[in-house]
Amino acid sequence: MSTSRVTMGIEGLDAMLEGGLINPSICALIGTYGTGKTTLGIQFIAEGLLKKEKCIYISLDERVDMIQGIMKQRGWDVAPYVNKSLFVIKLDPTNFNLMINSIKEELFELIEKTGATRVVIDPISLFEGTFSSSVDRRLELIRFIEMMRDQPCTLLMTSETESNNPLMSRYGLIEYLVDTVILLRYYRPADMMTPVHLAVEVVKMRQSKHSREIKPFEILQDQILVYSGANVF
Ligand SMILES: Nc1ncnc2c1ncn2[C@@H]1O[C@H](COP(=O)(O)OP(=O)(O)OP(=O)(O)O)[C@@H](O)[C@H]1O
Ligand SMILES: [Mg+2]
């Protein structure tokens, strides 16, 4: 049986993913500040809108007007889609009870009501950070991911890294729970005078013979380019 795929709309990255993310599945997009997590999350949503899918974007850091502003700046005027096929929600990561209830109850209701096939949570690490104990964090994240597995949609969660390890999510947990892990990072050429570049890597992808290469990529005003022919290391 062939697996159904959901494209990211970034040619080089979709090729690395053997055609796209598996539909349905859960993906973590991990990277330190400024590596393009929000930009790729928004691209994933824009691709869904282009394909006439219903999409939910849950932001834990940027405000709704900011997200829509970023979309517009990138050439995607999403105003006609808002509250019709695009649902952007801002959750307050400082209000733990409200956030956990919103994520656990309202999100599932919204998915059912709208028939959304793509959901982005940006960044899930702020949700993880609201738990005071690592046991609670682990249990709640497992519970949430298990509930998401019953939904007929593809979930992309971004996750921040810790400053001392740009290769792992802040709590080192999500990598084990999701189906796909995409890592974004900086690399600085050895001569120290050449500008810092960005690189993307598919670290894990269940049920797929994905690429293991590390490819340079660039964020341009209106597109994200993965240089499939080039090598970083
Ligand atoms: N319109 C644009 N044109 C060109 N480059 C852009 C544009 N928008 C963003 N960038 C580049 O993309 C980078 C990544 O931005 P983005 O907000 O996606 O990162 P992030 O990983 O979500 O960061 P954070 O962890 O701080 O939320 C920016 O630092 C900038 O260099
Ligand atoms: Mg961001």
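This is a predicted model: local features need pLDDT of at least 70, side-chain atom pairs count only at pLDDT 80 or more; totals for chains, interfaces and linings use all residues.
Residues are numbered from 1 along each chain as its sequence is written, and chains are lettered from A and ligands numbered from 1 in the order in which they are written. Local features need pLDDT of at least 70, side-chain atom pairs count only at pLDDT 80 or more, and totals for chains, interfaces and linings use all residues, while side-chain values use heavy atoms, with hydrogens and water left out.

The structure contains 4 aromatic pairs, defined as rings of Phe, Tyr and Trp (its six-membered ring) with centres within 6.5 Å; planes under 30 degrees apart count as stacked, over 60 as edge-to-face and the rest as tilted. F127 and F144 form a tilted pair, with 6.2 Å from centre to centre and 55° between the planes. Because F127 belongs to helix 5 (residues 124-128) and F144 to helix 6 (residues 134-149), the pair ties together parts that are 17 residues apart in sequence. Helices (H or I, at least four residues) and strands (E, at least two) are DSSP runs, numbered from the N terminus. F127 counts as buried at 1% relative accessibility, and F144 counts as buried at 1%; buried means under 20% relative accessible area, exposed over 50% and partly exposed in between (1.4 Å probe, protein chains only). Ring pairs link F127 and F144 with F108 and F131 into a cluster.

A further ring, that of F44, has the charged end of R118 over it, 4.6 Å from the ring centre. The criterion is NZ of Lys or CZ of Arg within 6 Å of the ring centre and within 35 degrees of the ring normal.

The model holds 11 salt bridges, each a side-chain nitrogen of Lys or Arg within 4 Å of a carboxyl oxygen of Asp or Glu. In the bridge between R63 and D65, the closest N and O atoms are 2.7 Å apart; R63 is exposed at 54% relative accessibility, whereas D65 is partly exposed at 48%. R143 bridges to E140 with a closest N and O separation of 3.2 Å. Both residues lie in helix 6, 3 residues apart, about one turn of the helix. R143 is partly exposed at 44%, but E140 is buried at 13%.

R170 forms a salt bridge with E160, the closest N and O atoms lying 2.9 Å apart. This pair links distant parts of the chain, 10 residues apart: R170 is in the loop between strand 9 (165-169) and helix 7 (174-177), and E160 is in the loop between strand 7 (154-159) and strand 8 (161-162). R170 is partly exposed, at 28% relative accessible area. Finally, a network of salt bridges links R149, D179 and R206.
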